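I opened this entry to record what I looked up, element by element and residue by residue.

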Amino acid sequence: CTTPAFQYTHLRAHVAFGGQGLTTTQALDVTRFVEFEVSNESIAEVAPGREGPESVVVTASEAGSFTVGLAAASQAFSALVQSARVVVELDEVGVRVLEAVAFNGATWWPSSSAT
């Protein structure tokens, strides 16, 4: 295979809701209500993920840089949103050590006991 493989990542949108005299609720997932876009579609694209309707991924197809932000349909939030700059490089990476770890138990402290 001569085409380099690039990684992808899941995109999520979280907000804090609140107001004067209200309790602020942090980190509410609003991914299903927004649409993401990239600034350079020749380098990366946004597509639905495999994990369900709220899953969105950005995948690079070549080296370069781009910005991920909200699409025009979601610009009502634009004053509250920060975009993210992503740089994709051609540097190769490798795994030198792969160690398997197995979870085999847990101890809860302090222990709870029924009375």
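The notes below go from the whole chain to single residues.

**Ground rules.** I am working from a predicted model, in which local features need pLDDT of at least 70 and side-chain atom pairs count only at pLDDT 80 or more, while totals for chains, interfaces and linings use all residues. Residues are numbered from 1 along each chain as its sequence is written, and side-chain values use heavy atoms, with hydrogens and water left out.

**Whole chain.** Helices (H or I, at least four residues) and strands (E, at least two) are DSSP runs, numbered from the N terminus. I then noted that 20% of the 115 residues count as buried; buried means under 20% relative accessible area, exposed over 50%, and partly exposed in between, with a 1.4 Å probe and protein chains only. The accessible surface of the chain comes to about 9,800 Å², and 52% of that belongs to carbon and sulfur atoms; these areas come from the Shrake-Rupley method with a 1.4 Å probe, and for residues only the protein chains shown count as cover. Among contacts (heavy atoms within 4.5 Å) with a separation of 6 or more, 42% are between residues 24 or more positions apart.

**Strand S3.** Leaving aside neighbours within four places in sequence, Gln-26 is in contact with Val-15 and Ala-16, and the C-alpha atoms of Gln-26 and Val-15, eleven residues apart along the chain, are separated by 6.5 Å. Ala-27 also lies in strand S3 and has a positive phi of about 55 degrees although it is not a glycine. I noted this since most residues other than glycine have a negative phi. Ala-27 is exposed, with a relative accessible area of 55%.

**Salt bridge.** How many salt bridges does the rule give? The count comes to one, where a salt bridge is a side-chain nitrogen of Lys or Arg within 4 Å of a carboxyl oxygen of Asp or Glu. Asp-29 forms a salt bridge with Arg-12, with the closest N and O atoms 2.2 Å apart. The pair links distant parts of the chain, 17 residues apart, with Asp-29 in strand S3 and Arg-12 in the loop between strand S1 (8-11) and strand S2 (14-17). Asp-29 counts as partly exposed at 30% relative accessibility, and Arg-12 is partly exposed with a relative accessible area of 40%.

**The loop between S4 and S5.** Glu-41 lies in the loop between strand S4 (36-38) and strand S5 (44-48) and counts as exposed, at 68% relative accessibility. Ser-42 lies in the loop between S4 and S5 and is partly exposed at 44% relative accessibility. Not counting residues up to four places away in sequence, Ser-42 touches Ser-61 and Glu-62; Ser-42 and Glu-62 are 20 residues apart in sequence and 7.8 Å apart in space, C-alpha to C-alpha.

Asp-91 is found in the segment after strand S8 (84-88) and is exposed, with a relative accessible area of 58%. The C-alpha atoms of Asp-91 and Ala-63, 28 residues apart along the chain, are separated by 9.4 Å.
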